[in-house]
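Subject: Structure for you to look at

Hello,

Here is the structure I said I would pass on. My notes on how its parts pack follow below.

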Amino acid sequence: MKQFFYAAVLVSVLLAGEVVAEEVRIRQLEAVQLYTQDELLALIRTNSHLRRVQDDDCQLVRDIEARADIMKLPAYQFLWGDMLAYAVCVPRDIERGWQLMQDAAAQGLPEGLEQVGRYYHIGRFVQPDAEKAIVYLREAAALGNLAATIRLAEILLGDHGSPRDYEQVYRLLHHSVTADSATHQKISQLLRQFEQRMPERVVQRARRPVS
């Protein structure tokens, strides 16, 4: 009789433990909130968006996919495309991932334009193509993406593209704002290199306040 009683108590304890564990798991799931637009864009800018999805234990995959494929939100299209391309929480599908990243860029997402341009520049997922990189980076730079402006400047100074772009890129760099000292130093170096290639009158014109 005592053995039966102890066995019953043990079963009750085990069941209670499973209930508690399930409640903890549910609370953990509820604690992971879908990223806001601003939060996701900040993650993409720092290239930490894939790490964040992994740190969240891949719990938001279905929500991300729905916002990319059904709602067609450009930030989520880029995130979902990158996840597919790098096989983060999902099976690898580079072709589909690349298409989604291009869809995000086509909607004018500066972060998407910058990263697609970067991928063309370094040859990630596609063959290196400086001219295509310039097209995407130029548009991202015009929308105020500093990373795109810096990379575009480096490509132009590497003798790709047209010198006709020098003035506009110089203007964007000269009027850019950054709190990062390394980035500030990099911009100063690029400006000096442009100044060696540009007539003084063009440099002065590019330095004029943006109206």
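Helix α9 (residues 146-157) packs with α10 at an angle of about 140 degrees, and their axes are 10 Å apart. Please keep in mind that this is a predicted model. The crossing of α9 and α10 is left-handed. On the α9 side the contact is made by Thr149, Ile150, Leu152, Ala153 and Leu156, and on the α10 side by Tyr166, Val169, Leu172 and Leu173. Sorted by type, the residues in this contact of α9 with α10 are 8 nonpolar, 1 polar and no charged.

Helix α10 also packs with α11, here at an angle of about 150 degrees and with the axes 10 Å apart. An angle over 145 degrees counts as roughly antiparallel, and α10 and α11 are therefore roughly antiparallel to each other. Their crossing is left-handed. Tyr166, Val169, Tyr170, Leu173 and His174 of α10 meet Ile187, Leu190, Leu191, Phe194 and Glu195 of α11. The residues of this contact divide into 8 nonpolar, 1 polar and 1 charged. Tyr166, Val169 and Leu173 of α10 are listed in the contact with α9 and again in the contact with α11.

Is Glu167 buried or exposed? Its relative accessibility is 17%, and the cut-off for buried is under 20%, so Glu167 counts as buried. Leaving aside residues up to four places away in sequence, Glu167 touches Met198, Val202, Arg205 and Ala206.

Two of those partners, Val202 and Ala206, bring us to helix α12 (residues 200-207), where Val202, Val203 and Ala206 are buried. Seen down the axis of α12, these buried residues fall within an arc of 100 degrees, so they line one face of the helix. As background, an α-helix has 3.6 residues a turn, so residues three or four places apart point the same way. What do the buried residues of α12 pack against? They pack against α10 and α11, the latter being residues 181-195.

Elsewhere in the chain, helix α4 (residues 61-69) has Val61, Ile64 and Ala68 buried. Viewed down the axis of α4, its buried residues lie within an arc of 65 degrees, so they line one face of the helix. The buried residues of α4 pack against α3 (49-55) and α5 (74-86).

Gln37 belongs to helix α2, which covers residues 37-45. With 36% relative accessibility, Gln37 counts as partly exposed. Pro74 is 37 residues from Gln37 along the chain, and their C-alpha atoms are separated by 9.7 Å.

Now the chain as a whole. How many helices and strands are there? The protein chain has 12 helices and 0 strands, so the pattern read along the sequence is α-α-α-α-α-α-α-α-α-α-α-α. Of the 211 residues in the chain, 37% are buried. Among contacts between residues at least 6 apart in sequence, 57% join residues at least 24 apart.

Regards

Definitions and conventions:
Residues are numbered from 1 along each chain as its sequence is written. This is a predicted model: local features need pLDDT of at least 70, side-chain atom pairs count only at pLDDT 80 or more; totals for chains, interfaces and linings use all residues. Side-chain values use heavy atoms; hydrogens and water are left out. Buried means under 20% relative accessible area, exposed over 50%, partly exposed in between (1.4 Å probe, protein chains only). Contact means heavy atoms within 4.5 Å. Helices (H or I, at least four residues) and strands (E, at least two) are DSSP runs, numbered from the N terminus. The arc is that of the directions from the helix axis to the C-beta atoms. Axes are lines fitted to C-alpha atoms, for helices over the stretch in contact, and angles run from 0 to 180 degrees between N-to-C directions. Angles under 35 degrees count as roughly parallel, over 145 as roughly antiparallel, 65 to 115 as roughly perpendicular and the rest as oblique. A crossing is left-handed if the near helix is turned anticlockwise from the far one by less than a right angle, and right-handed if clockwise. Ala, Val, Leu, Ile, Met, Phe, Trp, Tyr, Cys and Pro count as nonpolar, Asp, Glu, Lys and Arg as charged, and the others, Gly among them, as polar.
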